[in-house]
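My notes follow in the order in which I looked things up.

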Amino acid sequence: MMSRVIIVRRLESFIAKGAGELGVFDGFRISFSCRPKIFSNEIYRDPTKTVSLDEVKQSYGGIIKDADLANFRSAYVNPEAGWADAGTAVKRMLEESIAVGIEYKVGDAVGIVLRGQSGVKGVKLATGEVVEADKIVLTTGAWTSFLMHSIEEELGLRHEERIERQLTAAAVCVAHYQLTEEEVELYSKMPVIVYGEKGIPFGHRVFMFSDAESFAGEVLPPPQSGILKFTFSGSVTNTITVTSEQRISVPPFQDQSIVPQALKNEILDIIKSLMPYFQNNGREVDRWRLCWDSITPTQNQLICRHPNPSMHNLCLAVGGSFHSYKFLPTIGKYVANVIHGISNGDEKDHAWEWKATGSQDRLKCAHANVIPKRDLKDLIHMESR
Ligand SMILES: Cc1cc2nc3c(=O)[nH]c(=O)nc-3n(C[C@H](O)[C@H](O)[C@H](O)COP(=O)(O)OP(=O)(O)OC[C@H]3O[C@@H](n4cnc5c(N)ncnc54)[C@H](O)[C@@H]3O)c2cc1C
């Protein structure tokens with residue numbers, strides 16, 4: 001008999017966010033520094049090719065012909081990269097899940113309910129309803145630490161035993177432009193462009209960076225909605241104090257379109273250098289947004305059972321670390337194995353396990369430039385001075 005499976009999701013998340021704000025990579029990637037890292041391993045064939053900066057400027061209908069590439073030496077393209085419309089893909093996946101009998105509930109989970117000492121009983125919703133289950137999987141991304149903190153408090157967990165040691169909530173800032181029909185026609189032929197990582201010509205408004213050269217800007221081709229999104233990889237935390245001793249990073253409860261001017265300026269600098277067209281004639285960004293993910297020290301996901309015996313039936317599938325949307329088609333079977341207590345093999349089990357010490361092994365990170373180095377409060381504080 002098939003077990004009963006319930007998915008609880010916030011309504012807004014289904015409609016607006018999906019699995020992260022951005023899809024993966026589109027058509028071609030132009031960048032500098034990550035190629036040697038990715039293809040240094042002989043197992044992978046290198047599909048990328050180096051192109052001259054003149055070639056870059058002349059390609060893609062000339063959309064980056066005015067880019068400031070003065071600090072760059074060359075670029076590369078990866079013709080095998082692809083991108084996906086994240087929101088639509090998650091929507092389809094949920095529709096398929098519902099079609100095969102999974103119950104979908106819209107609700108805001110506000111806490112985990114214990115079943116005495118013998119595990120977790122269910123998830124409490126804002127309405128007061130408790131959704132009970134034999135096994136619970138938290139896939140709550142950047143909101144995980146906040147959701148967990150009251151049960152961690154109830155169980156008297158020490159700082160080292162809490163989820164915040166495994167991952168932290170971080171956000172990147174995204175600028176949205178609503179394109180006209182003619183612009184959609186032109187920009188739909190563009191690749192995903194990664195601008196920077198090394199040698200990026202940052203403007204004078206970027207501040208507080210100890211290693212500014214490792215940040216990057218990224219712009220994706222417009223999906224059906226005709227929205228062009230620019231992202232800046234310098235991420236921020238939002239640290240709050242939940243008890244006298246515990247500090248955690250959580251997405252602010254306010255509207256995520258409220259973005260400190262300092263972060264806006266960083267993207268505006270990139271847009272000005274990469275596609276100055278979007279700042280011509282006083283054109284304004286149509287929408288700003290902070291987009292949150294949970295980030296682990298190694299940027300490996302956290303896909304495991306909770307190690308505390310009182311939460312033995314609570315599984316976690318979190319820690320996307322700004323690079324996990326691409327696993328949407330494959331990750332499910334591994335999560336299912338964890339739920340059923342089946343090993344995913346030593347290497348994966350080790351990568352995704354609960355880290356006893358909270359590993360700081362950052363050298364092997366997939367996407368090191370999004371590791372947060374600043375807190376929202378610092379930026380707001382700087383603005384108010
Ligand atoms: C700007 C940006 C660009 C990115 N670019 C890429 C990329 O190019 N390639 C790539 O592979 N990945 C990318 N990612 C990363 C990818 O989107 C994330 O790693 C992935 O979405 C993480 O999945 P998740 O399920 O852990 O979390 P999420 O996708 O954040 O899902 C968590 C869900 O849980 C819901 N939720 C949280 N708390 C509660 C609660 N209390 N009650 C009910 N529901 C709740 C949230 O609303 C949300 O829908 C990017 C992320 C961002 C933000």
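**Helix α5 and its surroundings**

I began with the buried residues of α5 and found that they pack against β5 (109–114), β8, β9 (168–178), β14 (247–249), β15 (287–295) and β17. I note that the model is a predicted one.

I then asked which residues of helix α5 (residues 144–154) are buried. The list reads T144, S145, F146, M148, H149, I151 and E152. I recalled that an α-helix has 3.6 residues a turn, so residues three or four places apart point the same way. After α5 comes G156, and I read a positive phi there, near 65°.

**The sheet with β8 and β17**

I found an open sheet of three strands, in the order β8-β17-β16, and its pairing is mixed. β8 (136–138) and β16 (302–305) are the edge strands; each has a single partner strand, so one side of each lacks a neighbour in the sheet. From one strand to the next, I noted an average twist of 15°.

I checked how β8 is joined to β17 (residues 314–318): the two run parallel, with three bridges between them. For I136, I recorded L314 as the bridge partner in β17. Helix α8 (residues 331–339) packs on this sheet and touches β8, β16 and β17. The direction of α8 makes about 20° with that of β16.

**The whole chain**

Last, I took the totals. The protein chain holds 10 helices and 18 strands. Of its 385 residues, 34% count as buried. Among contacts with a separation of 6 or more, 76% come from residues 24 or more positions apart.

Note on methods: Residues are numbered from 1 along each chain as its sequence is written. This is a predicted model: local features need pLDDT of at least 70, side-chain atom pairs count only at pLDDT 80 or more; totals for chains, interfaces and linings use all residues. Two strands pair if DSSP finds at least two bridges between them. Helices (H or I, at least four residues) and strands (E, at least two) are DSSP runs, numbered from the N terminus. Axes are lines fitted to C-alpha atoms, for helices over the stretch in contact, and angles run from 0 to 180 degrees between N-to-C directions. Two residues are in contact if their C-beta atoms, placed from the backbone, lie within 7 Å. A residue is buried if 20 or more other C-beta atoms lie within 10 Å of its own, exposed if 12 or fewer, and partly exposed in between; C-beta atoms are placed from the backbone.
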